[in-house]
Amino acid sequence: MQQDLWRLRQEKQWTVNELAAQSGVPALSIYEYEQGRAVRSADLPKLAQVLGVRPEEIKTQSAPKPRKARPAGRTAARPASPAPELQPATTTQVQHLVALSIRLGESREHLEEKVGQPLDRLTRVEISRWLTDYAAAIKERKAQIAADPAGAKRWRAHLPEGVDGYELTYLTEQRKAGHPVTFTLFDGQRLTGRILGFGPYSITIRTDSGTETTLQKLAIAYYAVAAGGDEPT
Amino acid sequence: MSLGDHLRFLRAMKGGVGTATIARAIGLERPWPINEIEVRYRETGADELVGRLAEYLSRPVEELFWHRERSRTMLTRHIQHALQHAQPIVLHLRSGETLSGLPAWWDLGSIGLVVEGEAQLTVVQRHAVIDWG
């Protein structure tokens, strides 16, 4: 009389892994055979030998092993969690949203003003929508930069002070916008002007008096758009 | 500030003396060990070489060792940690100023910083950062 593979294994009180170890047939194959896949002819004698039966006593296609019934009340005992639209935003979500807004040049206060409430009062679903919007905005900005022939060209200078990715994007944006930028040099001197162009190691500006000046990057400590410089004129 | 950035600053202060000139003056056949210090991002520079450079540049050797411990990689780790945790950083600059704020981005040459009390993003040159916290 033919028997299901899983029943023969259970009679031996073996796990699938133990049968696999005894027979040399991969555990995954045994699992699939027990779920109803036809046993390969090469595996049948190996399994029969360790199970102490003849090959023809094993069903080549077992009836799927019945699953164990779940203990009653298990689901009910688990504490009910609120629906996702009611769960508060996680700290990671809030941090991620703040990081994205900063990349777009917005402070947390500005972001909360847009959202209309403190970020930690948002639900998971609400903050997910904001995250999606901000991710899309960053992607769009990158595409705009890449579409600009000057911005699309990225070079990495050999020396460490050379213009790299983010700074290239920033300088390209400011050059296009024509905002006056204030440069603070190592010696404390400040120069304000509109960016005419830049290379890996220098930035050329035109001051309000019309003078063109090329600043060596090594001489610059930091720079920013001049106060009120981004307002339309 | 890394030892490499500090060396280039000292070279500029010494009239823009080249690394090949320094190499000859301190008894090196080729300038590449000095060039390596200047372009590498991790901590680099053997004690003996740093000692010879300090003597040539008339600086205390401890000053150069101090900079050697503040590699560009260490600054990157500090900024990246602050970026991930949305924490403010404090940057002490060669110009004598101290800037603090949230990092918005960093790349190999500069740091985008949302400085406290400033509406516009400030782009700080990494080679200007003496120390950080």
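Trainee: Suppose that buried means under 20% relative accessible area, exposed over 50%, and partly exposed in between (1.4 Å probe, protein chains only). Is Leu168(A) buried or exposed?

Mentor: Leu168(A) is buried, at a relative accessible area of 4%. Please note that this is a predicted model, in which local features need pLDDT of at least 70 and side-chain atom pairs count only at pLDDT 80 or more, while totals for chains, interfaces and linings use all residues. Residues are numbered from 1 along each chain as its sequence is written, chains are lettered from A and ligands numbered from 1 in the order in which they are written, and side-chain values use heavy atoms, with hydrogens and water left out.

Trainee: Where does Leu168(A) sit?

Mentor: Leu168(A) belongs to helix H10 of chain A; helices (H or I, at least four residues) and strands (E, at least two) are DSSP runs, numbered from the N terminus. Between the C-alpha atoms of Leu168(A) and Pro200(A), which are 32 residues apart along the chain, the separation is 9.1 Å.

Trainee: Turning to rings, how many aromatic pairs are there over all chains?

Mentor: There are five. In Trp130(A) and Tyr134(A) the ring centres are 6.4 Å apart and the planes stand at 45 degrees, so this pair is tilted. By the rule, rings of Phe, Tyr and Trp (its six-membered ring) pair if their centres lie within 6.5 Å; planes under 30 degrees apart count as stacked, over 60 as edge-to-face and the rest as tilted.

Trainee: Which element holds Trp130(A) and Tyr134(A)?

Mentor: Both are in helix H8 (residues 124–147) of chain A, four residues apart, or about one turn of the helix. Trp130(A) is partly exposed at 23%, whereas Tyr134(A) is buried at 3%. Another pair is Tyr166(A) with Trp105(B): the centres are 5.3 Å apart and the planes at 10 degrees, so the rings are stacked. Tyr166(A) is in helix H10 (residues 165–177) of chain A and Trp105(B) in strand S2 (residues 98–106) of chain B, so this pair joins two chains.

Trainee: And how accessible are Tyr166(A) and Trp105(B)?

Mentor: Tyr166(A) is partly exposed at 34%, and Trp105(B) is buried at 6%. Ring pairs also link Tyr170(A), Phe183(A) and Tyr223(A) into a cluster.

Trainee: Which charge lies over the face of Phe9(B)?

Mentor: That is Arg94(B), at 3.6 Å from the ring centre. The test asks for NZ of Lys or CZ of Arg within 6 Å of the ring centre and within 35 degrees of the ring normal. Lys14(B) likewise lies over Tyr56(B), at 5.2 Å from the ring centre.

Trainee: How much area do chain A and chain B bury between them?

Mentor: About 2600 Å², of which 63% is on carbon and sulfur atoms; buried area is the accessible area (1.4 Å probe) that two parts lose on being put together, summed over both. Pro160(A), Phe186(A) and Tyr222(A) supply 26% of the area that chain A buries against chain B, more than any other three residues. The contact (heavy atoms within 4.5 Å) takes 27 residues from chain A and 31 residues from chain B.

Trainee: How many salt bridges are counted between chain A and chain B?

Mentor: One, where a side-chain nitrogen of Lys or Arg must be within 4 Å of a carboxyl oxygen of Asp or Glu. Arg190(A) and Glu97(B) form a salt bridge at 3.2 Å, N to O.
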